[in-house]
Every structure is written in C-alpha cells, then in structure tokens.
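Me: I am new to this structure and would like to be taken through it carefully, one question at a time.

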Amino acid sequence: MKMTKCMLAATVAVLMGSAFAAEKLAEGFAPLAWIESTGEQYIDTGVDAGAKTTVDLSFGHCLYSQGATFFGKNVWDPKGFLFILQNEHFRFFGNTGREPGPMWNLIDMDPTEERDYRFVLGTDSKARLFDAAGKELCALATDRSSSSHHPLWLFKCNSQHSSGGEFRLYAMKIGQDSGEILRDFVPARRLGDRAVGLYDRVTRKFFANAGGGAFRAPDDPVAAGPRRWSIARAQAWGKSNPWFCGFNHVPANAINDTEIWQEETFSPDVIKDEFKLATGLGFNCVRIFIQYKVYEHDPVWFHKAFEKYLQLADEAKLKVMPTLFDDCSFGLATEPTLGKQTDPLIGWNMWGWTPSPGYTMVVDHRTHGKLEKYVKDLISTHKDDPRIFAWDLYNEPVNGMGGYSKYSLALVKKCFVWARSVNPSQPLTVGRWNGNAQLNRLVARESDIISYHCYSNAQRTRAMIDELSKLGRPMVCTEWFLRYGDCDIEHCLGIYKERGVGCMMWGLVNGKTQTHLPFGYCADKPPYTGRWKHDLFHADHTPYNPKELELLRKLTGANVPVQENGNRVKP
Amino acid sequence: MKNMKKTVFVAVLCAAAMALAAPGARWTLERAQAWGKANPWYCGFNQIPANAINDVDIWQKGGFSPEVLRKEFKLASDLGFNCVRIFLQYKVYEDDPVWFLRAFERYLQLADEAKLKVMPVLFDDCKFGPATDPELGKQTEPLPGWGMWGWVPSPGHTMVADSRTHGRLEEYVKAVILHHKDDPRIFVWDLYNEPTFAMGHFGRHSLALVKKCFKWAREINPSQPLTVCRWNNDKGVNDIVLNESDIITFHCYQPADGTRKVLKDMVQLGRPVICTEWLYRPNGCDIPNILPIYKETGVGSMIWGLVNGKSQTHLPNGVYTPNFKGPWKHDLYRPDHTPYDVKDLEIIKKATGVK
C-alpha cells in the first residue's frame, strides 16, 4: 500500500530526529537535535514539484502559541498554495489570485501531543495533510499546473518575542511517491562560523537563513536529551501500576512545609502514626510538599529527612509523590522563613502556609541556578527509587502571583528541562488546576502523566475526566475533596475508581493548617460551624465522619481481610 | 542584658504613654489653619539614601549611613529645599528599639543642620516586587532594570493582617511619637503611606490599622499635626484619611490638568495641603510644568527622589524593563551627585528663592 512506504519514511524521519547524535554529517557540520526559526527564512529545496512530492516533517512539541509557515510554491505565485502550521490549528490556504487567499480548511491539531506530519502534493491537483499514523487530516484543491517554479519552502515564525517561538523542527524529508528520497534535511550547525540551519544529506548541502530572521538552536544540553514520555510508554506505566488512591499530607503539627522538614520540627513519630491511619483506610499513596528553603539551608539534613520520610511511607506501603515547588499562599506571606513559624491564626484557613521557594526567587532569575541544583540533586538521588511513583515538579503555578505569573510559567518550563536532563525512571508531572490556557497547554505538553486538581461536584468531576482522557495518558487527580461542594467520598470517589483515574484527597488529620475551614476564610469572620472542607480525622485521630470512612474503605478494598502473606483476599 | 535594657526602656515609654492626660482629638479647622500660617511654603523631597535599597537598609545597623545622609542633605539645602519625607521601618525598631531611636535622633540632627524639617512615615504598604514582608540583615542586590526592586512594606502585609501583632505596632507608634512629641525638627507625622497598596482583598486590614494609628497617635497627642495621604480614588481609604488628618496630604503623579484638579479638591477642604509625592517625568508630571502650580497655589510640594541609587527609581516601578529608554521617572541627581537635568535644578532654586 502506498501509505506504508510513506509511513515508513515518516517513522524513519522520527527516529532519525531523535537519534541525531549517531548521525555523521559531512566534515565541518555537527548535528543538532532541533532548530527553531524566528523571523522569515527561505529554504529553496531545489525540488521540482512537478512530480508527486511528499514532505515529512518531524516536529517537537510546541510550548508557545507561535506559528511556523511552510509555503509550497513561490509565495508570490498567485496560483500557489500555503500551509500554515500553528500551535493548535492547521490551515491550508488555497490562493486563487489574492494574497494570502481564502482559508480552505481549519483543523484543530492536538496541541498536547508531538506530531509528525506529511504533506503530499499530488498530481491530482490536491494537496493533502496526514499525520504520522497516516490519517488524512485535510485536503486542498490546488492549481499547480500553471507554474513550474521550484517549491520555495519558507520557514516563518510568527513570534513577536525573541524568547518565544518554540516550534521545533527535528527533521524534514522530501520524497517521491515511489519512495525515493529527494531531500533529507536535519538540523545542523556549520562549525566554521557556527551558522545554524538545515543540512541535506542527499545533496550534502547546507541551507542557512536566507531571509530576515534566524534559525536558532538554543545551547541547552537537554536539547540533546530525552523528551517527554510517549503515550505508549506512559500507558505501559499506567498498566503496571495500581489504581492510585491516597492523600495530600500535612502532618497535623506542621503549619507549613518548613515545619514539616526543618530539623527543629521534623517529626517521624507523627508521620508514622498518621501513615498508620492512612494504611487503615486502604490508601496506597501520599503527596508531600517539599520546602526549598530547608534544603537550601542544609541539604545534608534535608536528604536525611527525606530518606526517613520515604522509609516510613514504604513501611506503610504508601508510594510517594514529592512536590518540589509551590506558589500557594493563603495569607499574605510570599516567602518561606526558617526557624520558629507563626502560630495558627484561629479562623484563618491555611494561615502560615508559605510558597516554595517563595515568590521573590521565582521572579529573580539570578537565583535559578540554585533552584536548578536543588531539582537535579533531589531527583537524581532518587531517580530509580521505587518508593517514589511520580515527581510533581510544581504545585499550582501562578496561584497568587498576579502580575508576576509569567515568571512562574518560565520556572515551570525550566523545571521540566532540569528534570528531563536527569531522566528519572518515574514520570514527571505538573498539575492543571485552573483555566489558565497558557499554563494548561504547557503542562499538558510536558507532563508524562496527567495530574490535575478538581474540587468540584460529581458532574464536573466526570466532565474533567472525560476531557483529560482525550490526552490518552494515565491520570491522577492530585487534589480533590471539598465536602461543602459535594466533592466528597459519597459523590465522587466512586467515579475515580470506576474510571481508573488516580485520586489524592486533601487532608488526613486536621491540624495547624485548619483546613476544615472554607477557602478564603479569615480570622475576622464569625466562627465556622459548617461541614469540614478537608480532612478525615480530628487532631486526636478520631474520625470526623465514621460513615464516610466506611465507604472509603469499601472502595479502596481496605475492608477486605488481609492474608498472612500480605495479599488481600478478593471478596 | 541588651534585651533587659530594651524591655525596661520600652516599658518606661509605654507607662509614660499610658499615664498621659486625655487623648487629643482631630485639630479644628482654625487650629490647622493657624499652623499653616505659622509655617512656610514647604518644598522638599522624599529621601531614599542612594546606598539603601529599602528602608531596612536606611535604618538597620550596618545600613544607617550618616555620611551619605549629610552629603545628600547638602544637595537638598543647596536647592533651597526646606523639608524631607523619610520612611521608617518597623522591623528595625522591633529588633532593637534603642538602636532605632538613636539612629532616628541622628537623622533628625543631620536634617536640622541642613535646615530641613522632617516628615517621618511610620507605616507603608507599598511593594514593587513579590515580597510582602521586610527582613533584617543583608538585603537583596538591585535587580538591574527593575525599579524599586527590593523595596519592602513596613511593618509588612502579614503583620497588617494579623491583628494579634498590633499590640507591638501600638508600642512602636506610641514610643516614636512620644519621644518626639514636641520636637520642632519634625513638622508633620505621616502615619501610613498608601494604605491598601497591593493588599488586594486584604485591604480592609490596612484600613483597620490606619484607624488604629490615628487612635494611638491621638492618645499621645503630639504638638505636630497627623496625616495620612490620599493617594487614589478609593472611597474606603479617603473617608478615613480626609476625615482624620489634621492637615491634608496627597500623592499626585498626574500632568498639569490632573494635578490642578486634585489640588483644587484638597484645598477645598479648608486645611493646609501638602503634596507629599509627585514627579513622574514620562507623563508630563515634571518640574517645569508642575512645580510652578504648587508654588502659585501655596500647596506644599515634596517630589520623589533626590539622588538616584540602589532603588533604581529612574525606572518604571515593579516591572522588568532592562531596555528602558525614557526620561527618568524620579530623582534629581545621578549617583555621583551630578545633576540629571540642570534646568530642573534652576527652576527649583528659583521657586525656593535660594541664593
């Protein structure tokens, strides 16, 4: 079948793109993992588009909504056609004499998945776009008969920002329907003048910028390194792991994550007792926030404490999801401090909670070398640790950052870059938690498994699962449980179980963070007497609501007797 | 020992504060106008010494710099300025009240030698970066391109919102004012700069604290007038400050039309008026266009910035603009004390009448 050969070519193109390091180019050239373009470029491929031509493009994922434009045919030829590949849309323009011409087709590309594309410029006056699996995405009637111009392939990045335009090209092949490869472009650097461009392995020619912009190959070591897990790899991970059902852990004697971790207040006994409660409920995982400032102050101590935490969790058969950074602030504190922390301000939900590493470091890029060290040190120390099932790099980015949000977004990107360079065995994730489109695109594209927060009722819980399932990756709701919103065990836990979506509720033992209080509750409001927002147990470990715990145990299987060998007997 | 001394000192002050006669009340119009007549046209500046990135560094041990102050005061008096507005940092007082009051006394001495009356600002909500609370010790370095990077509020947003801490704030306000309640070197007490700035929906805590400040200050009943500025159109703030202040102060970074309008509204209240913050060259709120308005109307004028320094106040506040090419926002002198614009200085000297 014709497509098979093309698919093979496409697959080869993809593989070539990722195995660039093994490629040998002519002397004087070094391969690059990928390039981006800014401004306008011209690559004259020298290919006569008279015969049926295929173009295989291997792309990396896009982190920003920037576009790249590929022109088939001379752009000034009024009978030409135009492909515009933008972040979420693919547009085919047929030009019937007016520049730029009417739009013929608009397809919403999946913005979350790396896609390779193939254009097929047929002799039947049609131009077609396929994805790498061979699925035809759209077709366009063209008039190619009137011109014998060489196709002029134009790279144009629509970015206005020098720091944007992350539309990466990994490889581009131009071939014939017969399978003959006419051009085989890989990103490369000409060593003499360090020019960046496309090297054609067929003609052994180098194509650098010939327009008003530039090709860029950021000097990022991770560019050469691993990319986000493929869907297949992520799904394999999902199949080899159980249904995750657990909780977010703030030990009851800690008002914030400084108190969780600093030497003065780190409390293995409290943690052990709380883990016992968790096991009794049938939980199998725990999410824990790490305070950068404690690490910064004494990394040796921090590693010790973290190792102890992992040990205790392991003994309780709880897999751990560490959260490395956090933007949340529920009062006015924007920076964590060490030493004695504030006392709870009675009636103020999460009074005393501080972000990690704190807003000033997030904004002040000069400090990011230190943050990089922390991320890489922590992850590489535990990169093959089976007690950790996933790395949550950054909790609720931009929450509370207001006008400084873009700094959080920039730091999220860096976190992925740093973590990828370590290439741990565990999946990386940053959770989607609100409607910020830019953030959601970013985390959907970079995360190996999808994590998200959902403090809504059953209907919305289902809707979010439906929506995020489209991404095709294992999912964990890393924060839920808001009793007064009917986001509770009775209404929602069954949905997570039924759909096989992991879930981690907020709060085990009610403590210094006063998380039984509603969001935004402050000390000048009257004493709160409503249903607890979060948390399952009073400070003295008696259940807030024994019936809901019965239901919880039923769903996790904790009710099921445990055999002597540790296995649960199926009912 | 130091703590003991501190405790005793503060206890004595508090006892003195508590032992006073009945608290004062807001000055009547007559008393305020008499004060206005007995005082000159105030023309001066807000000071951040060039080597200080914020008011922690103005006052803390290792930051307080009498020599820098002396030199900057000389520039000021050469221009004919007769007053200076200076921000106090609660955190420095909290750490060591004895040190703080000594530094403050030294500041007043130096200002007096340069014939500058002083308007101290006790609290401040402003922040131009992410940080909401002051810390002692080594301050951040300027982030080049970010105006007012490193500036911190006083006492900081967390204390403002946490009323359990207000006993300590009361102690501070009363100690500082009591210590100088008849000090002729101080001409006005500015209790709280720009309340609710960047407080978001916690603004109500600032308003509550402003009211407390007036109450505490009245209980000391100093000889100098009390004021808190009008700085925006927020009715919540203005209902308090325009009804509690003995003399009216306001901030105005508008060009001529906007300035005249606000000025008119303030003057109509019938009390002496001082604009305690202006000068924003990029939008026409500059010396040639605006200083004459204040001179001609007799409304006091205190521009922002004398010597450009670590606070980078020539740049837009609170945003990262490394390639900024516009005119200087604030400030009259470069860090080396050469003038930014000689014409500005000539206009000032003409207005102040300095020889």
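This is a predicted model: local features need pLDDT of at least 70, side-chain atom pairs count only at pLDDT 80 or more; totals for chains, interfaces and linings use all residues.

## Where the chains meet, and what lies inside

Me: Which helix of chain A gives the most to the side that touches chain B?
Reply: On the side of chain A that touches chain B, the residues divide into 12 nonpolar, 6 polar and 5 charged. The helix that gives the most to this side, with 3 residues, spans residues 359-363 and is α7.

Me: How much area do chain A and chain B bury between them?
Reply: The contact involves 23 residues of chain A and 26 residues of chain B. Of the area that chain A buries against chain B, 34% is supplied by A:Leu332, A:Arg366 and A:Tyr404, more than by any other three residues. Carbon and sulfur atoms carry 60% of the area buried between the two chains, and the total is about 1700 Å².

Me: Which residues touch the most other members of the largest nonpolar core?
Reply: In soluble globular proteins, nonpolar side chains tend to be buried together. The largest nonpolar core here has 107 residues, and helix α6 (residues 97-113) of chain B gives the largest share of this core, 9 residues. The residues that touch the most other members are B:Trp59 and B:Phe81.

Key
Residues are numbered from 1 along each chain as its sequence is written. Chains are lettered from A and ligands numbered from 1 in the order in which they are written. Side-chain values use heavy atoms; hydrogens and water are left out. Contact means heavy atoms within 4.5 Å. Buried area is the accessible area (1.4 Å probe) that two parts lose on being put together, summed over both. Helices (H or I, at least four residues) and strands (E, at least two) are DSSP runs, numbered from the N terminus. Ala, Val, Leu, Ile, Met, Phe, Trp, Tyr, Cys and Pro count as nonpolar, Asp, Glu, Lys and Arg as charged, and the others, Gly among them, as polar. A nonpolar core is a set of buried Ala, Val, Leu, Ile, Met, Phe, Trp, Tyr and Cys residues joined through side-chain atoms within 4.5 Å. Buried means under 20% relative accessible area, exposed over 50%, partly exposed in between (1.4 Å probe, protein chains only).
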